[in-house]
Structure formats: C-alpha cells, structure tokens
Amino acid sequence: ELGGELAFPMFSESELTGFLVLGPKLSGDAYYPDDIELLATLVSQAAIAVKNAQLYRQVVLVNDYIENILSTMDSGVITVDAHGKVALVNATAERLTGLPRSVLTLMTIDQLSQSISGPLGATLSDGDPRPQVESVLPGEGDRQTPIVCSTCALRNDPNAVVRALLVFSDLSQ
C-alpha cells in the first residue's frame, strides 16, 4: 500500500518499534545485498536513536514533574553530590538563604551557612539522617531566621551515598 520495494523492521530490545519502508532506487537499479546490509545497519542505528529519544522524553517529563513539586513546596530543598557540590536548589531555598540558584549551584557544602552545611555534611559523610534539627540561618545584617531542617542520604545501592538531601523550613512565623 505504501509503494515501497523494501521494508525493514525496527527492533528495540526484541520489541518491534516501527518499520522503514523504502521506495525504488532513483537509478532504477535493484537493491543489491551490499545495499540491504548497509540499510539494515542504518535501521538498527535508527532504532537505537528512536529508543534514546523516547527515554530522553521520559527523563524530561520526570524532571518537569520533580521541578513542579519542588517549586510549590513551602520548605527549602538543597541537595549536594558525593563531592559536596550543590546539585539542586528550589525557589524556597533561594528565598530563605537570600542567594539565587545560579550562585547556590556553584557552591560547595563548605561555602553554605553552618546551619545548613553541618547536618548536610554529617549525613553525606556517614549516611545517617538528621531529623528535625533546629538552627538559625543568618540573613542580611543582623537578621537571623530560625529554621528546622532534616537530612537524608540518597544512595545508588544499599551502601554507597551518592547525594545528601536537606529540607528546611522557616520557623519565624
């Protein structure tokens, strides 16, 4: 029905994901075995590219979902990677620390306020959570904001801590 001379199935992990249908050659020649072998290789690579595009789309959707959750939280959220570099910050963390995300994500745990870096660094080093730690977050001038924070370790397997997460809330109200 499509008017093709050749049809190549596209497989991804033994699952049929589509077909590549080719019409006749412009030269009018037949498709030779070398042509078919080359086209089969290209179709295989195209199947991988399609699968990668689908996976990328899923990652974007999940990231958008997480970003939506983080942006609506009344608590500040900061994560650091295994080396202590700030990896993720939400808008509430920006407001409470008085620093924009662009600055915070360039910082390391040692550059954060002690009220945040203390519990976060401890969790990063030993993997133990620090629940409901009360502290004071310094602000502009003499202003200080009382906060309560909790930390947890993020692991890629039962033993390896790959990130640490801190959630903190303003207690001044």
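Strands and helices are taken as DSSP runs, numbered from the N terminus, with a strand (E) spanning at least two residues and a helix (H or I) at least four. The model is predicted, so that local features require pLDDT of at least 70 and side-chain atom pairs count only at pLDDT 80 or more, whereas totals for chains, interfaces and linings use all residues. Residues are numbered from 1 along each chain as its sequence is written, and side-chain values use heavy atoms, with hydrogens and water left out.

The patch consists of L2, F11, L16, F19 and V21, which together present about 540 Å² of accessible area. Such areas derive from the Shrake-Rupley method with a 1.4 Å probe, and for residues only the protein chains shown count as cover. Patch members have over 30% relative accessible area and no salt bridge; nonpolar side chains (Val, Leu, Ile, Met, Phe, Trp, Tyr) are joined within 5 Å, and like charges within 9 Å. F19 is located in strand β2 and is exposed, at 54% relative accessibility. In this classification, buried denotes under 20% relative accessible area, exposed over 50%, and partly exposed the range in between (1.4 Å probe, protein chains only).

Strands β5 (residues 130-138) and β6 (residues 144-155) pair in the antiparallel sense through 7 bridges, where pairing requires at least two bridges found by DSSP. The two strands form a hairpin with 5 residues between them, and G141 in the turn adopts a positive phi of about 65 degrees. Within this pairing, V133 stands opposite C149 of β6.

C149 is buried, with a relative accessibility of 1%, whereas C152 is partly exposed at 27%. The structure contains 0 disulfides, a disulfide being a pair of cysteine sulfur atoms within 2.5 Å. For C149, the closest cysteine sulfur is that of C152, at 12 Å, and the two are therefore too far apart for a bond.

Charged side chains were examined next. Side chains of opposite charge can pair when their charged atoms come close. A salt bridge is assigned where a side-chain nitrogen of Lys or Arg lies within 4 Å of a carboxyl oxygen of Asp or Glu, and the count under this rule is 4. One of these salt bridges joins K25 to D35, with the closest N and O atoms 2.6 Å apart. This pair links distant parts of the chain, 10 residues apart: K25 lies in the loop between β2 and α1 (33-72), and D35 in helix α1. K25 is partly exposed, with 23% relative accessibility, and D35 is likewise partly exposed, with a relative accessible area of 23%.

A salt bridge also connects E67 and R101, their closest N and O atoms being separated by 3.5 Å. Because E67 belongs to helix α1 and R101 to helix α3 (residues 101-104), the pair ties together parts that are 34 residues apart in sequence. E67 is partly exposed at 33% relative accessible area, and R101 falls into the partly exposed class at 28%. R101 additionally forms a salt bridge with E94, with 3.5 Å between the closest N and O atoms. Through shared partners, salt bridges unite E67, E94 and R101 in one network. E94 is partly exposed, with a relative accessible area of 22%.
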